Amino acid sequence: MARDMDNTGVFGELRRMVQTTGTVGGIAARLAGNKIGLRSGGASHAEDLKSMLGGLKGPLMKAAQLLATIPGALPDEYADELAQLQSNAPPMGWSFVRRRMTAELGPGWEKNFRSFGREAAAAASLGQVHQAVLADGRRVACKLQYPDMKAAVEADLRQFRMAIGVYHKLDNAIRQDDVVEELSERLREELDYRHEAANMRLYHSVLADCPEVTVPLPIDELCTQRLLTMEWVQGQNLNAAIKAGLTEEQKKRIARALFRAWYVPLYQYGVVHGDPHMGNFTMREDAGLNLLDFGAIRIFQPSFIKGNIDLYYALRNKDMDMAAHAYEAWGFRDLTREKVAVLNEWAGLLYAPLMVDEERYIQDDNNPALGREILSKVHDGLQKAGGVRLPREFVLVDRSALGLGSVFMRLKVKMNWYQLFHEIVQDFDEQALAQRQQAAVKAAHFPPETQSAS
């Protein structure tokens, strides 16, 4: 039965390519038309792209979302549409659920549960979630991977590379080759739910001293490569809570929890949750947060994290040489002073809230277009300076910073971001981070091939 669902190989890929090739080919043609001055209906085609990807179950949507946050990776109309993209695909029915559960736990899978919800509680790009109650009475969430996902990943990545390849031939300001490889590796990791279970154990450990954040634990005996069973956590959709109205105190508690949920792991353990969109956390009754979906986790070399902190001080002190050293620690190569100056424009946008010891909005004028304007300026500056090749490690840190910033803007909350940052980094020591990281990763019991930072 597992073979029928997941090992369709070339036939699954063929179906996927038929669904996506026309749209990706259309993107390529329109990009070329835009570059030579032809009217190509870019904005309307971006809407078509968003609609098509939102109706697919799979990784192309997720990869496009990530790329939409990188300056110059896509034209503005595509980036604007894809940044808003959420999966609109309806969940699979009960026949799929029954086949998946049988394939993963065997014919008598029901004996593990007192009850199992027939309707999906949530649907995502790679799987859907069902609420259940274990035989011992514990409430759990069961995430079931959709069929053909391995084939979908490989087919989508080929299409994704094709579209990016066409764009690179027309615009060489920012080379994405290494970034696409990074996205490919992360997406392939997400196919193995045993790896996500280890990510959950890792985050449960590294956030143990952050009571404002709840990380559910996996139920190890009911986890397989394509089934993830975890503790159920109760919470309210944050977007709905914002629309219903929050007090200033609630907003501050949520903002603090969000900041610490992302940056305690990064600066104290060298680990980042690379997907900070509104669907990946819910609000607790006390305005703390439940952190969800641990597929896009990245473990960094400690030297990369030191580069983050060095860049912060380089920007504060206007030290170009220190900034260049920090970018090199990130993996940038062949930097000139002109390129460093342009990259500092981008970094200045991300670090600005952390620079002054006072309460402020995450962006002073709360103008969503400002970030896009600065990123466009960065793109143009890099084009003139000869272009750069983005290092692999860049993508998830950039995604996290911009994604969190957009949530803080929606909260419309004033915080002392400087103090929040310095609470976490004030005693930073690269060697101490390396030791903490090594111990935490070992305790999380990762599959052997994913134990070390890359």
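Colleague: How many salt bridges does the structure hold?

Modeller: Side chains of opposite charge can pair when their charged atoms come close. Here a salt bridge is a side-chain nitrogen of Lys or Arg within 4 Å of a carboxyl oxygen of Asp or Glu. The structure holds 25 of them. This is a predicted model, where local features need pLDDT of at least 70 and side-chain atom pairs count only at pLDDT 80 or more, while totals for chains, interfaces and linings use all residues. Residues are numbered from 1 along each chain as its sequence is written, and side-chain values use heavy atoms, leaving out hydrogens and water.

Colleague: Which side chain does E182 meet in a salt bridge?

Modeller: That of R186, at 2.5 Å, N to O. Both residues lie in helix α8 (residues 177-190), four residues apart, about one turn; helices are DSSP runs of H or I, at least four residues, numbered from the N terminus. R186 also pairs with E189, at 2.9 Å, N to O.

Colleague: Is R186 buried or exposed?

Modeller: Buried means under 20% relative accessible area, exposed over 50%, and partly exposed in between (1.4 Å probe, protein chains only). R186 is buried at 6%, E182 is buried at 0%, and E189 is buried at 15%.

Colleague: What does the bridge between E423 and R260 tie together?

Modeller: Their side chains meet at 3.8 Å, N to O. E423 lies in helix α17 (residues 417-425) and R260 in helix α11 (residues 248-269), so the pair ties together parts 163 residues apart in sequence. E423 is partly exposed at 36%, whereas R260 is buried at 14%.

Note on methods. Helices (H or I, at least four residues) and strands (E, at least two) are DSSP runs, numbered from the N terminus.
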